[in-house]
Amino acid sequence: MGQAQAEQQVPVIKSTSGILVMKKSDVEYTKQSPCIRCARCVDACPIHLLPTNIGRLAERGMWTEAEKFHALDCIECGCCAYECPAHIPLTQLIRLAKNHIIASRKNK
Ligand code: SF4
Ligand code: SF4
C-alpha cells in the first residue's frame with residue numbers, strides 16, 4: 001500500500017500510518033510490458049475486482065466505464081500491481097480512475 005514520494009517535503013497527516021524508507025540498492029526498477037492476460041491480478045484481488053480491465057480503461061481515460069467495473073470499491077491494497085508479471089502499475093491506474101470519478105461527481 002501507499003504511494004512512492006518523489007521528495008521529502010510531504011506532510012505527515014492524521015491518516016499517515018507508516019513511512020517506509022528504502023535504500024536505492026533495495027529498490028527494484030522494472031520496465032512495464034504489455035499485459036499477457038494471465039489473470040494473476042484478478043486472482044490476487046481480495047474483493048474480486050478485475051484490475052486488468054479497470055487499468056486498461058484508466059489508461060484510455062474511460063472513467064465512466066471504469067466506474068461500471070467498480071473502480072470505486074478498490075481498497076488500494078496493491079496486490080494486483082505486486083502480482084503483475086508485466087509490471088503494469090494497476091493500483092496507480094485504478095487510483096487515477098477513482099480520482100476522476102469522484103471529481104466528476106463533485107462537478108455535477
Ligand atoms: S489494489 Fe484494488 S484492484 Fe488491486 S488487488 Fe487491491 S483491491 Fe483489488
Ligand atoms: S497480472 Fe498483469 S499481465 Fe496478468 S492479466 Fe493482470 S494486468 Fe495482465
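Mentor: Gladly! Keep in mind that this is a predicted model.

Trainee: Which helix gives the largest share of the shell around ligand 1?

Mentor: The largest share is 3 residues, and the helix they come from is α5.

Trainee: How many residues around ligand 1 are nonpolar?

Mentor: There are 16 residues around ligand 1, and those that come nearest are C45, C74, C77, C79 and C80. Sorted by type, the shell has 2 polar residues and 1 charged residue, and the nonpolar ones number 13.

Trainee: And ligand 2: how many charged residues are in its shell?

Mentor: Ligand 2 is surrounded by 14 residues, with C35, C38, C41, T52 and C84 the closest. Its shell divides into 10 nonpolar residues, 1 polar residue and a charged group of 3.

Trainee: Let me step back to the whole chain. How many helices and how many strands does the protein have?

Mentor: Reading from the N terminus, the elements run α-α-α-α-α. The C-alpha trace spans about 40 × 35 × 25 Å along its principal axes. The count is 5 helices and 0 strands.

Trainee: What share of the contacts with a separation of 6 or more joins residues 24 or more positions apart?

Mentor: The protein has 108 residues, and buried ones make up 24% of them. Among contacts with a separation of 6 or more, the share from residues 24 or more positions apart is 68%.

Trainee: Back to α5, then. Why do its buried residues line one face of the helix?

Mentor: First, α5 has 17 residues and reaches 24 Å from its first C-alpha to its last, close to the 24 Å expected. Its buried residues are L90, T91, L93, I94, A97 and K98. In an α-helix there are 3.6 residues a turn, so residues three or four places apart point the same way. Seen down the axis of α5, the buried residues line one face because they fall within an arc of 160 degrees.

Trainee: Which residues are exposed on the other side of α5?

Mentor: The buried residues of α5 have a cover that includes α1, α2, α3 and α4. On the other side of the helix, the exposed residues are A103 and K106.

Trainee: K98 is a lysine in α5. Is K98 buried or exposed?

Mentor: Leaving aside neighbours within four places in sequence, K98 is in contact with A71, L72 and C74. K98 has 20 C-beta neighbours inside 10 Å, so K98 counts as buried.

Trainee: Which helices do the buried residues of α2 pack against?

Mentor: In α2, the buried residues are P51, T52, I54, G55, L57 and A58. After this helix comes G61, with a positive phi near 70 degrees. The buried residues of α2 pack against α1, α3, α4 and α5.

Trainee: E76 has a positive phi although it is not a glycine. Where is E76 found?

Mentor: Phi of E76 is about 55 degrees. E76 is partly exposed, with 15 other C-beta atoms within 10 Å. Its place is the loop between α3 and α4.

Trainee: H87 is not a glycine either, so to finish: what is its phi near?

Mentor: H87 lies in the loop between α4 and α5. Around H87 there are 13 other C-beta atoms within 10 Å, so H87 is partly exposed. Its phi is positive, near 55 degrees.

Methods:
Residues are numbered from 1 along each chain as its sequence is written. Chains are lettered from A and ligands numbered from 1 in the order in which they are written. This is a predicted model: local features need pLDDT of at least 70, side-chain atom pairs count only at pLDDT 80 or more; totals for chains, interfaces and linings use all residues. Helices (H or I, at least four residues) and strands (E, at least two) are DSSP runs, numbered from the N terminus. A residue is buried if 20 or more other C-beta atoms lie within 10 Å of its own, exposed if 12 or fewer, and partly exposed in between; C-beta atoms are placed from the backbone. Two residues are in contact if their C-beta atoms, placed from the backbone, lie within 7 Å. A residue is near a molecule or strand if its C-beta atom, placed from the backbone, lies within 6 Å of it. Ala, Val, Leu, Ile, Met, Phe, Trp, Tyr, Cys and Pro count as nonpolar, Asp, Glu, Lys and Arg as charged, and the others, Gly among them, as polar. The expected span of a helix is 1.5 Å times one less than its number of residues. The arc is that of the directions from the helix axis to the C-beta atoms.
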